[in-house]
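Thanks for coming. I have one structure to go through this morning, so let me put it up.

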Amino acid sequence: MPSIAGNGSPPFAVDELKRTKAVKVEKSGEVRASGDSTPGKRRLRSNSTAAAEEDGGPIATTPSPTKWKSPRRCVNGTPNSPANRITKEYGNKLGKSGKSLVKKLSDAFIEKPNWNPRGKFDLKFFLCIVIALERPFLAYAFTMYSYVYLISPKLVELYVEQLSAVKDKLHVSTAPCTLVCREDEQKRVLQFCRQCIEQEKAGSLYVCGCPGTGKSLSMERVKESLIKWAKEAGFQQPDVLTVNCTSLTNTSEIFSKIAGKNRPQKKTTSPLQNLQNLYSQKQQSAGMKMMLIIADELDYLITKDRAVLHDLFMLTTFPSSRCILIGIANAIDLADRFLPRLQSLNCKPMVVTFRAYSKDQIMLILQQRLKDLPYTVFQPQALELCARKVAAACGDMRKALCVCRSAIEKLEAELRESVCNLDLSSADIGFLDQQSPACDLINQNSRIVRVDHMAIALSKTYRSPAVDTIQSLPQHQQIILCSAVKLFRGGKKDATIGELSKSYLDICKLILIPPVGIMELSSMCRVLGDQGILKLGQAREDKLRRVTLNVDEADIAFALQGIRVFRNCLNAGNKNMDL
């Protein structure tokens, strides 16, 4: 038996060891084939081949013994198995192409992507096939389906972009191209400024009116028109100073701004004294340009001694003054209340009043802002509802613009909700439910602001602050208010807590809610009194205290109308309540 080669063995010892291992492998294969003993560890064919190549001799061609196979793998081992039969019948044909039948079958079953109803597809091709098969009903159904579930979401995105452009048009900070409904007021102010420039004479004018009536915007247009007129008429263009008094750190700062437009003065005196000295001497003011001063939010200059406001208007009374002062504020009687000395000196400023917008004027302004758009956004009835409500409340054009923007936001939310609610079950092979979100997208009226959108926006804008407070109350406190409204509808102005408790118990019994005791009810009434909703009187006992509503009944009904139980309780009698 050859010895095992160690690290220092010669090369012929290694060759002898390899031959010995090959003989052992052959013997182990014979023993496994005969089944006399348990086979040892099987050597891979690739390893034995590599070992033979290392020896430098030829690779052994002795057939390997039959390998053991599991029953499942032996299904195709018989000559009559389906795979062997196909190979025998079509073997010649497969031999020519050099490919197996299994490979050809695998080529036929290439994995294809699933059809995505929201993905891209050739709609024209499909419709041609349907029409060719003479199925117009199926073609109509598929057209409706594709419009609702594939095209509509993209259209909704387009609508939302358009609505965003409309909101920009209706923003308060966006100045319209043409200012309508204020032509007379602008004409009066412009004529006054022209006379001052032509005569080189100072003057003061006071513009007043309710908020949102176009005062500031009109003065901007007057300023532009005055500069254009002076240039065309050959007069020296006036210096213009526009000051918003709310931006001043202190009231006296306005004189510093006015002095900055004139020649530099000595720092030893105040800006007001510099202006007074400048306009008192004719030689110093000679050659100076006229100055147009527009002081917006003039009521912010009102102090305890009213000195700043008085000194500002007094600058126009100096003999050599070059100031044309236009003050803008909301108070109509500001000149009479805060400038009495000017009236005694016969220097009272000219007053131009901007009245609140009427319904027709608000409609005209809204239409003027929307006329440049190539599409319709509002129903005419919706715009009219907005104009009527705003004109009746305050005539504030800014309120009208905010209401319209709020209605557009409501429409945007509705369109997005319609896309999210699209469901395949809402479309039935060509027939769509009239109430489904799909029909809402197809319907053209669903893409414009309707009356219901405007009504919701108006209710949010003009509802009382007490509505939010009532809606945030706990349930039992809301039941108390509902009981009070029902109790006071018979003509009563007040009632005791004991009487209110009886009405409260009746409603709790009807809506199947366990009531609270009289002591807890009295405590909740005190809480409502602290919030300003109820008014409680004084009495020896809590149940004898008089209770009165401190808010309007309409506000309580409006706050509770979103809850069905309270809505039915307030709208119907106890016998007809639909619970």
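This is a predicted model: local features need pLDDT of at least 70, side-chain atom pairs count only at pLDDT 80 or more; totals for chains, interfaces and linings use all residues.

Residues are numbered from 1 along each chain as its sequence is written, and side-chain values use heavy atoms, with hydrogens and water left out.

The sheet is open and parallel, with 5 strands in the order S2-S3-S4-S1-S5. Strands here are DSSP runs of E, at least two residues, and helices are runs of H or I, at least four, both numbered from the N terminus. Strands pair if DSSP finds at least two bridges between them. S2 (239–244) and S5 (350–354) are the edge strands; each has a single partner, so one side of each has no neighbour in the sheet. From one strand to the next, the twist averages 15 degrees. S2 pairs with S3 (residues 291–296) over 6 bridges, in the parallel sense. Within that pairing, Leu241 has Ile293 of S3 as its bridge partner.

Helix H8, residues 183–199, lies across S1 (203–209), S3, S4 (323–329) and S5, at about 160 degrees to S5. Axes are lines fitted to C-alpha atoms, for helices over the stretch in contact, and angles run from 0 to 180 degrees between N-to-C directions. Contact means heavy atoms within 4.5 Å.

Now the cysteines. With a disulfide taken as two cysteine sulfur atoms within 2.5 Å, the whole structure has 0. For Cys402, the nearest cysteine sulfur is that of Cys404, 9.4 Å away. The sulfurs of Cys482 and Cys569 are 3.6 Å apart, too far for a bond.
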